[in-house]
Amino acid sequence: MATPVVPNAPPPSEEGGQRSMFPRALVILLGIAAAVIVAAGVQAVAWLIGPAFMALIIVIAVAPVQGWLKRHGWPGWATTVVVILLVYGILVVLALGIIISVARLATEVPQYADKFDGLVASATAELARWGVGPEQLHKAASSLNISNLAGVLTALLGSVAGLATNLVFLLALLLFLSVESGGYGQRLAQIEADRPRITAALEHFAWGTRQYLLVTTVFGLIVAVLDTIALALLGIPLAFTWGLLSFITNYIPNIGFVLGVIPPALLALLTGGPKLMVIVIVLYCVINFVVQSIIQPRFIGDAVGLSVTVTFLVLFFWAWLLGPLGAILAIPLTLLAKALLVDIDPQAKWAAVLLRDSPTEPDPQAPPKKSRRERRRERRQPAPDLPPAPPAPT
């Protein structure tokens with residue numbers, strides 16, 4: 001007996017044959033509205049979320065040291081003391097370097113005010129010859145002055161130094177996180193018994209954050225040292241400050257290099273003219289291209305697995321949400337959001353496909369890739385002696 005066909009029967013749903021009681025368009029609109037409300041709340045308390053997340057990132061970065069000490073027989077209290085000293089040492093070194101740089105910037109930059117004003121006047125006169133209106137020139141000239149430039153640079157450096165302004169809160173938070181970091185393994189084990197996907201997502205977030213910090217810090221330090229030496233040899237003022245700025249902006253994806261080269265290039269223009277400015281820009285481009293585009297991929301490649309488009313978009317999103325500190329923490333913040341919103345949800349694999357740098361999902365059972373040193377060692381080893389071939393039958 002043939003089964004009757006129902007002409008107006010709804011198609012089966014993609015989620016196991018179950019249909020939602022709300023239209024999909026309404027669900028999407030409600031989700032967007034909820035996201036807007038959450039973003040407004042986060043922006044309202046950005047003064048708290050930014051330093052708190054920075055403290056968490058620092059503790060995650062030094063956590064492997066505590067594990068290494070425990071595996072070598074150190075007692076728990078000693079590993080906690082070492083982690084606290086490392087965390088406080090990183091904070092103190094970073095704050096002192098930025099405070100010294102801001103102080104030198106405030107005393108050095110005003111000395112070039114007259115030269116900068118003369119440069120702006122000559123540029124506006126040249127634009128007037130090309131038919132630009134006087135009102136537009138006046139507005140542009142009033143907005144271009146050395147004080148505004150110094151203010152922008154001070155705000156960028158001060159956004160990181162602002163972590164030390166509320167010193168009592170930050171030190172207490174770092175202390176509590178460092179003391180409790182030893183028990184995170186047990187906490188994750190208990191969570192894994194009930195929610196294994198959450199544990200896997202948090203562990204992947206911590207691993208990706210450490211990989212990103214390792215790559216960015218090591219190669220950012222190399223770039224900063226090379227930039228500082230090159231600027232000092234060229235006689236550019238505040239070479240250490242611009243090297244520190246290059247190191248900090250290295251944590252800003254895609255546009256960090258541009259932010260780091262503008263101040264020393266302008267000072268080179270004021271002190272030595274256009275030729276020196278071009279030399280500074282070319283040196284910066286060569287150093288960054290060689291270190292970050294040739295050397296870095298040979299050692300570790302992509303450390304976070306996010307596409308270039310995603311990193312570019314999240315940079316502006318987190319900078320709008322949390323300020324300059326959000327631009328510096330854009331990649332770790334995105335990894336945390338991906339872990340909590342995408343990785344723990346089996347139905348969100350489509351979002352993971354859009355976020356990662358490769359269209360194909362990596363095989364978790366695939367053997368790890370051999371390092372460049374291991375491949376070189378295998379090529380140098382002599383080929384094993386093969387047994388002689390048996391004689392051909394007569």
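Me: Leaving aside its neighbours within four places in sequence, which residues is Val87 in contact with?

Reply: Val87 touches Ile58, Val59, Val62, Leu174 and Ser178, once neighbours within four places in sequence are set aside. Contact means heavy atoms within 4.5 Å. A caution on the source: this is a predicted model, where local features need pLDDT of at least 70 and side-chain atom pairs count only at pLDDT 80 or more, while totals for chains, interfaces and linings use all residues. Residues are numbered from 1 along each chain as its sequence is written, and side-chain values use heavy atoms, with hydrogens and water left out.

Me: Which residues touch the most other members of the largest nonpolar core?

Reply: Phe53, Val87, Phe205, Trp318 and Leu322 do, in a core of 47 residues. Helix α2 (residues 46-71) gives the most to this core, with 9 residues. A second, separate core has 14 residues, among them Leu105, Trp242, Leu267 and Val280.

Me: What makes a set of residues a nonpolar core?

Reply: The members must be buried Ala, Val, Leu, Ile, Met, Phe, Trp, Tyr or Cys residues, joined through side-chain atoms within 4.5 Å. Buried means under 20% relative accessible area; exposed is over 50%, and partly exposed lies in between (1.4 Å probe, protein chains only). Of the 394 residues of the chain, 34% count as buried.

Me: How many helices and strands are in the chain?

Reply: The chain has 17 helices and 0 strands. Both are DSSP runs, numbered from the N terminus: helices are H or I with at least four residues, strands are E with at least two.

Me: Why are α8 and α9 called oblique to each other?

Reply: Take the values. The axes of α8 (residues 184-194) and α9 (residues 196-234) come within 6 Å and cross at roughly 140°. Axes are lines fitted to C-alpha atoms, for helices over the stretch in contact, and angles run from 0 to 180 degrees between N-to-C directions. Under 35 degrees counts as roughly parallel, over 145 as roughly antiparallel, 65 to 115 as roughly perpendicular, and the rest as oblique. Roughly 140° falls in the rest, so α8 and α9 are oblique.

Me: Which residues of α8 and α9 meet?

Reply: Leu188, Ile191, Glu192 and Asp194 of α8 meet Pro196, Ile198, Thr199, Leu202 and Glu203 of α9. By class, that contact has 5 nonpolar, 1 polar and 3 charged residues. Ala, Val, Leu, Ile, Met, Phe, Trp, Tyr, Cys and Pro count as nonpolar; Asp, Glu, Lys and Arg as charged; the others, Gly among them, as polar.

Me: What makes α1 oblique to α13?

Reply: The axes of α1 (residues 24-44) and α13 (residues 308-322) cross at roughly 55° and come within 8 Å. That angle makes the pair oblique. Ala39, Val42 and Gln43 of α1 make the contact with Trp320, Leu321 and Leu322 of α13. Its classes are 5 nonpolar, 1 polar and no charged residues.

Me: How do you know that Arg195 forms a salt bridge with Asp194?

Reply: The closest N and O atoms of Arg195 and Asp194 are 3.5 Å apart. A salt bridge needs a side-chain nitrogen of Lys or Arg within 4 Å of a carboxyl oxygen of Asp or Glu. The pair qualifies. Arg195 is exposed at 51% relative accessible area, and Asp194 is exposed at 58%.

Me: How many salt bridges does the structure hold?

Reply: It holds 2. Lys338 also forms one, with Asp343, at 3.0 Å between the closest N and O atoms. Lys338 has a relative accessible area of 15%, so it is buried.

Me: Where does Leu238 lie, and is it buried or exposed?

Reply: Leu238 lies in the loop between α9 and α10 (239-249). Its relative accessible area is 4%, so it is buried. Leu238 has a positive phi of about 60° although it is not a glycine.
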